[in-house]
Amino acid sequence: MSTTPVQHGDEPGANQAFPLLYNLVYCSKATAGVDKAAVDRIIDVSRRDNPERGITGLLVFGSGIFFQWLEGPRHNVTELMSKLKSDARHDGVVVFSENEEVRERLFPDWDMELVTTDDIRDVLSDALDTAEDPHNVTALASLLEELDSGRLSGLGAAAS
Ligand SMILES: Cc1cc2nc3c(=O)[nH]c(=O)nc-3n(C[C@H](O)[C@H](O)[C@H](O)COP(=O)(O)O)c2cc1C
């Protein structure tokens, strides 16, 4: 009995079908007054505009900190990032990693998924565990230190 192999884009060996993806990960601090409703508005705009730019990703918001994973074509991601850096709803943007490679998307179905967590500490310490770039290790360690000091707790905390 023979079966006809069907090549799906997410199967090993189908790499040629994967796009050249630019991936950027950063953290920032929400500015005063940025609450869950403001974050919901960011998500609405992202879901409206990201699909036409081929951008997918994940936005974590917790304890006054944003953590965003962006993936898509290089030009579109860097263009969005320069817009993001001047967005008054956050500051202290620290870029953890930027790279470009041919691979499948990590979050193909997420135009921008909001992950609200009171325990962003886990997200940051997992990132610290796997960080290789010394700049990222330092940046993550200082964010964790700031988080532990309690200085961030009053900023933009998600409404519970
Ligand atoms: C933490 C954070 C994440 C954001 N993520 C996105 C995003 O993924 N896509 C997007 O279009 N806008 C995002 N925005 C909003 C943009 O900064 C900008 O307000 C939006 O793209 C509308 O820009 P425009 O007024 O020039 O059209 C984000 C803003 C913040 C503060």
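Helix α1 has a kink of about 30 degrees at R47, shortly before the proline P51. The bend is taken as the angle between axes fitted to the seven residues ending at a position and the seven starting there. This is a predicted model, where local features need pLDDT of at least 70, side-chain atom pairs count only at pLDDT 80 or more, and totals for chains, interfaces and linings use all residues. Residues are numbered from 1 along each chain as its sequence is written.

Even with that kink, the length of α1 works out: at 1.5 Å a residue its 18 residues should span 26 Å, and the end C-alpha atoms are 25 Å apart, which agrees. The expected span here is 1.5 Å times one less than the number of residues in the helix. The buried residues of α1 are V39, I42 and S46. A residue is called buried if 20 or more other C-beta atoms, placed from the backbone, lie within 10 Å of its own, exposed if 12 or fewer, and partly exposed in between. Just after α1 comes G54, with a positive phi of about 70 degrees.

Zooming out, the protein has four helices and five strands, and from the N terminus on they run β-α-β-β-α-β-β-α-α. These elements are DSSP runs numbered from the N terminus (helices are H or I, at least four residues; strands are E, at least two). Buried residues make up 25% of the 160 residues. Of the contacts between residues at least 6 apart in sequence, 76% join residues at least 24 apart; a contact means that two C-beta atoms, placed from the backbone, lie within 7 Å.

Now for the ligand. Of the 15 residues around the ligand, S46, D49, F66, D87 and R89 come nearest, where being near means that the C-beta atom, placed from the backbone, lies within 6 Å. The elements giving two or more residues to this shell are α1 (36-53), β3 (65-72) and α2 (74-85), and α1 gives the most, with five residues. By class, the shell has seven nonpolar, four polar and four charged residues. Ala, Val, Leu, Ile, Met, Phe, Trp, Tyr, Cys and Pro count as nonpolar, Asp, Glu, Lys and Arg as charged, and the others, Gly among them, as polar.

G33 sits in the loop between β1 (20-30) and α1 and counts as exposed, because it has 10 C-beta neighbours inside 10 Å. G33 and R89 are 56 residues apart in sequence, yet 8.4 Å apart in space, C-alpha to C-alpha. In the loop between β2 (56-62) and β3 lies S63, which has a positive phi of about 50 degrees although it is not a glycine. S63 counts as buried, because 21 C-beta neighbours lie inside 10 Å. E100, in strand β4 (residues 90-102), is partly exposed, with 13 other C-beta atoms within 10 Å. Leaving aside neighbours within four places in sequence, E100 is in contact with L20, L21, Y22 and R74.

Finally, how confident is the prediction? The average pLDDT (the predictor's confidence in each residue, from 0 to 100) is 80, and 81% of the residues score at least 70. Where pLDDT is low, the predicted coordinates should not be read in detail.
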